[in-house]
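Here are my notes, colleague to colleague. Please have the model open beside them as you read.

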Amino acid sequence: MIHFSFRSTLFALMTLCLSAPGFAATIAVTSTDDTVAPADGKVTLREAILSINAGNDLGDADIAAQTPGVYGTGDAIHFNIVGAGVHTIAPGSPVPDITKPVLIDGYTQPGSSPNTNALNAGINAVPTIEIDLAPSTGDLHIAAGADGTTIRGLVLNSHFDEISVAANNVTIAGNFIGTDTSGTIGKRGTFGIVVQSLPDNLTVGGPAAADRRDSGGIELAARPGGD
């Protein structure tokens, strides 16, 4: 026989409410293009970042059609680009700074998969979202105000540094940084990750198999301002 009381039931309901996640919107990138063109039938990474930063769909019918949800905490950028194999995004101008907390997860792209191997067995991750930066486009910058951002499942290469961090509580895990998509060939990069303003609680990698990453020699370097 199950016994319960009003007090215990009330406590359970309060606990559920307190532990429920905050509002969140999820936007799926559907194209490797680098455009900002509302209602052109696709959503680019640039459009997705700008939308998360603004906290609305930018009046873009393509984003609105995804019914992304209520923008708030825990917003996410996923990937759903048609076609097999690696999808390379090559920005033609500086990548927008990330100014609001967001999870950018390249492993949501069909065909991608995180590492499952143990520490002594190499890395079997299959990342299929590559961001091919260039010296003129800057890096992927996680600005102050984007506390709690997570970047995972991306291949980032071809810049002097691929990610710069000025926010707190940032996690960068399961990425290939400064290499090609195989993780075996270095592609530019002096510092994989640059730390700005000495943010608190920066996590790179982690104990879980899926958090392991390949890199062309990640090095953390403190550098004030800029990207």
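1. A definition to start: buried means under 20% relative accessible area, exposed means over 50%, and partly exposed is what falls in between (1.4 Å probe, protein chains only). This is a predicted model, where local features need pLDDT of at least 70, side-chain atom pairs count only at pLDDT 80 or more, and totals for chains, interfaces and linings use all residues. Residues are numbered from 1 along each chain as its sequence is written, and side-chain values use heavy atoms, leaving out hydrogens and water.

2. Confidence. The pLDDT, which is the predictor's confidence in each residue from 0 to 100, averages 84 for the protein chain, and 82% of the residues score at least 70. Over residues 1–21 the pLDDT stays under 50, and the model has one contact beyond four places in sequence for them; contact here means heavy atoms within 4.5 Å. Residues 223–227 also have a pLDDT below 50, but this stretch has 16 contacts in the model beyond near neighbours in sequence. Where pLDDT is low, the predicted coordinates should not be read in detail.

3. The open sheet. Helices (H or I, at least four residues) and strands (E, at least two) are DSSP runs numbered from the N terminus, and two strands pair if DSSP finds at least two bridges between them. Six strands make up an open sheet with parallel pairing, in the order β1-β2-β4-β7-β10-β13. The edges are β1 and β13, each with a single partner strand, so one side of each has no neighbour in the sheet. Within this sheet, β7 and β10 (residues 171–173) are joined in parallel by three bridges, with Thr150 opposite Thr171 of β10.

4. Other strand pairs. β3 and β5 are also parallel partners, again over three bridges, and Thr88 faces Glu130 of β5. On β5 there is also a parallel pairing with β8 (residues 155–157), over three bridges; there Ile131 has Leu156 in β8 as its bridge partner. As background, strands of a sheet pair through backbone hydrogen bonds, either parallel or antiparallel.

5. Helix α2. How many of the 10 residues of α2 are buried? Eight are, so the helix is largely enclosed by the rest of the structure. The buried ones are Leu45, Arg46, Glu47, Ala48, Ile49, Ser51, Ile52 and Asn53. Their cover includes β1, α3, β2 (76–79), β3 (87–89), β5 (129–132) and β6 (140–142). Just after α2, Gly55 has a positive phi of about 75°.

6. Arg46 and Asp34 form one of them, at 2.9 Å from N to O. Arg46 lies in helix α2 and Asp34 in the loop between β1 (26–29) and α2, so this pair ties together parts 12 residues apart in sequence. Arg46 is buried at 10% relative accessibility, while Asp34 is partly exposed at 23%. Another salt bridge joins Lys42 to Asp33, with the closest N and O atoms 2.6 Å apart; Lys42 is partly exposed at 26% relative accessibility, and Asp33 is partly exposed at 31%.

7. The Asp211 pair. Asp211 and Arg152 form a salt bridge, their closest N and O atoms being 3.3 Å apart. The pair links distant parts of the chain, 59 residues apart: Asp211 is in the loop between β13 (203–204) and β14 (214–215), and Arg152 is in strand β7 (residues 150–152). Buried or exposed? Asp211 counts as buried at 17% relative accessibility, and Arg152 is buried at 15%.

8. Nonpolar surface. Patches are made of residues with over 30% relative accessible area and no salt bridge, joining like charges within 9 Å and nonpolar side chains (Val, Leu, Ile, Met, Phe, Trp, Tyr) within 5 Å. Accessible areas come from the Shrake-Rupley method with a 1.4 Å probe, and for residues only the protein chains shown count as cover. Val36, Leu50 and Leu58 form a nonpolar surface patch, with about 210 Å² of accessible area together. Leu58 sits in the loop between α2 (45–54) and α3 (61–64) and is partly exposed at 35%.

9. Ile185. This residue is in the loop between β11 (176–177) and β12 (191–195). Ile185 is partly exposed, with a relative accessible area of 48%. Leaving aside residues up to four places away in sequence, Ile185 touches Gly178, Thr179 and Asp180.

Technical notes
A salt bridge is a side-chain nitrogen of Lys or Arg within 4 Å of a carboxyl oxygen of Asp or Glu.
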